[in-house]
Amino acid sequence: MQLLYTLNQKPPRGVTFFLALQHMLASIGGIVAVPLIVGGAIGLPENEVVTLISASLFVSGLATIVQCIGVGPAGIRLPVVMGSSFAFLGTLIAIGKTSGMSTILGAAFVGSFMVIIASFYMEQIRKLFPNLVSGVVVTLIGLTILPVAMNWIGDAPAGDPEFASLPKIFLAAASLAVVISVSVFCKGAIAASAIVIGLAAGYVLAIPMGMVDLTQLYEAQWVASPEPFKYGMTFSMPAIISMTLVYLVVVAEATGDFMALGSNCHVEVSGKDLKRGLLGDGLGSTFGSMLSAMPVASFSQNVGIVGISGVASRFVVAVTGILLVLGGLFPKLAALAVTVPKPVLGGVGFVMFGMIAYAGIRMLLNAADSRRNALVVCVGLASGLAVTLEPRLLQHFPEDLKMVFHSGITTGTLATVVLNQLLPKSKKKTTSDEGMTAKGILIKPDKRAARLLQAKARRAEQLAATK
């Protein structure tokens, strides 16, 4: 796919703002959801939940700017949006219910150093992620995050009769249709803004349907600022261990996100780049815990936006970071974006998350097509999807192992990396078609077939001449 704006290009200011806005609209729901759910689950007063949300937006914006622009050795210099990760959700609630916010922040602070330490070994870690492995990981990120879009479309608790009612399905389908139409029939900056146009069209359509709730907009404060060490920090070893295990999941997910972004931006991601990215990731969570915010990680949905829009400019996403910082300082701005109905986000999410899976498949096309590699891919994908589709497979595991393997991305990554290291690699080609890569088979089938037919014809002529 040809890029409209490359990694280091700066679009015109008006276009930059518009493109940055769609990244913000795609990510703000997830950034707000984690502190909102955690705060409510552990019994924080409503005013403290709002403060938690503002702090998370502020930290997410700063971490996004660092990742895009780079500050010294930190920041991967790719269009990465950072935010509160759903991977932390279960652990944060469990710790908070038992020991409160101070223990959450203490565990997040200590655990973040695991990510920082891991970043210094990314040259070695990068060798574990050739195209074969990275393709599986990135594909799994796209496939396993699809349930998020489905839940957005449902917009109700599981089992509720209102889950995925026909008006919600219609709203999601209409938003998706707008994104597809704009992407296919428009050009330039308009086509690149397909996501935000789809969100806006869905929003406008939802107003007469009575599906836009402005309560959060009315109740939000005009100005707010993060409160450093608002809850203090308590250091509990079990909480730190639990949080550190989740950070391991985040390292795997972040590596996949960075590789997918590199593919979408048409740049090679080296071990040094991964080091800078993970260092920015870890420092973001360290800084966030000191500002009483939730831990941060890279957002997979925004990887999909880069793929579908063709806009790889890191300066566009840096502006997204500025908008998130403003959202943290002026909650009314953030609340307006949060009023976008969930079915609208879900319909658009189908394209965003599907684009991530497409980026992974594109990586797999560059891997040699052999029986050995096919086994690695099949087992890796199946392992990741197994625990995603049927979590009860882990019900008899110890709690610590459950925490690691509950993520399909982590399970699939571990399975793929281990198999790729253990299975012997063929040292030479043994058949005439073994050198044919999957990319060649899928993209240039006619030329390959023609060359094989020509070779067979020459051999037949040679045999006939010798008789």
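Trainee: Why are the side chains of Arg-392 and Glu-390 said to meet in a salt bridge?

Mentor: In this predicted model, the N to O distance between the two side chains is 2.8 Å. The criterion asks for a Lys or Arg side-chain nitrogen within 4 Å of a carboxyl oxygen of Asp or Glu. The pair of Arg-392 and Glu-390 therefore qualifies as a salt bridge.

Trainee: What makes Arg-392 exposed, and what is Glu-390 called at 28% relative accessibility?

Mentor: Arg-392 has a relative accessible area of 57%, and exposed means over 50%. Glu-390 has 28%, which lies between the limits of 20% and 50%, so Glu-390 is classed as partly exposed.

Trainee: How many salt bridges does a search of the whole structure find?

Mentor: The search finds 3 salt bridges. One of them joins Asp-273 to Arg-276.

Trainee: How do you know that Asp-273 forms a salt bridge with Arg-276?

Mentor: Their closest N and O atoms are 2.8 Å apart, and the limit is 4 Å.

Trainee: Why are Asp-273 and Arg-276 separated by about one helical turn?

Mentor: Both residues belong to helix H13, residues 271-290, and they are 3 residues apart there, which means a separation of about one helical turn.

Trainee: Are Asp-273 and Arg-276 buried or exposed?

Mentor: Asp-273 has a relative accessibility of 16%, and Arg-276 has a relative accessible area of 19%. Buried means under 20%, so Asp-273 is buried, and Arg-276 is buried as well.

Trainee: What makes the pair of Lys-230 and Glu-227 a salt bridge?

Mentor: The closest N and O atoms of Lys-230 and Glu-227 are 3.5 Å apart, and the cut-off is 4 Å. Lys-230 is partly exposed at 31%, and Glu-227 is partly exposed at 35%.

Trainee: Where does Glu-227 lie, and which residues does Glu-227 touch?

Mentor: Glu-227 sits in the loop between helix H11 (215-219) and helix H12 (237-264). Leaving aside residues up to four places away in sequence, Glu-227 touches Thr-51, Leu-291 and Ser-292. Glu-227 and Ala-293 are 66 residues apart in sequence, and their C-alpha atoms are 9.2 Å apart in space.

Trainee: Why is Ser-54 called buried?

Mentor: Its relative accessibility is 3%, and the limit for buried is under 20%. Ser-54 therefore counts as buried. Ser-54 lies in helix H2, residues 46-69, and touches Ala-224, Gly-328 and Pro-331, not counting residues up to four places away in sequence.

Trainee: How do the axes of helix H1 and H2 cross, and which residues meet?

Mentor: The axes of H1 (residues 13-41) and H2 come within 9 Å and cross at roughly 145°. The crossing is right-handed. Residues of H1 including Ile-28, Ile-31 and Val-32 meet residues of H2, among them Val-49, Leu-52 and Ile-53.

Trainee: Which residues of helix H7 are buried, and what do they pack against?

Mentor: In H7, residues 146-154, the buried residues are Leu-146, Ala-149, Trp-152, Ile-153 and Gly-154. They pack against helix H6 (131-144), helix H8 (166-185) and helix H17 (342-364). Just after H7, Asp-155 has a positive phi of about 50°.

Trainee: How many disulfides does the structure hold?

Mentor: The structure holds 0 disulfides. For Cys-265, the nearest cysteine sulfur is that of Cys-68, 9.8 Å away. A disulfide needs sulfur atoms within 2.5 Å, so Cys-265 is in no disulfide.

Trainee: What makes Cys-265 buried and Cys-186 partly exposed?

Mentor: Cys-265 has a relative accessible area of 3%, which is under 20% and is therefore buried. Cys-186 has 28%, a value between 20% and 50%, so Cys-186 counts as partly exposed.

Trainee: What does the secondary structure come to, and what share of the residues counts as buried?

Mentor: The protein has 22 helices and 2 strands. Of its 467 residues, 53% count as buried. The protein exposes about 21,000 Å², with carbon and sulfur atoms supplying 66% of that area. Among contacts between residues at least 6 apart in sequence, 84% join residues at least 24 apart.

Definitions and conventions:
Residues are numbered from 1 along each chain as its sequence is written. This is a predicted model: local features need pLDDT of at least 70, side-chain atom pairs count only at pLDDT 80 or more; totals for chains, interfaces and linings use all residues. Side-chain values use heavy atoms; hydrogens and water are left out. Helices (H or I, at least four residues) and strands (E, at least two) are DSSP runs, numbered from the N terminus. Buried means under 20% relative accessible area, exposed over 50%, partly exposed in between (1.4 Å probe, protein chains only). Contact means heavy atoms within 4.5 Å. Accessible areas come from the Shrake-Rupley method with a 1.4 Å probe; for residues, only the protein chains shown count as cover. Axes are lines fitted to C-alpha atoms, for helices over the stretch in contact, and angles run from 0 to 180 degrees between N-to-C directions. A crossing is left-handed if the near helix is turned anticlockwise from the far one by less than a right angle, and right-handed if clockwise.
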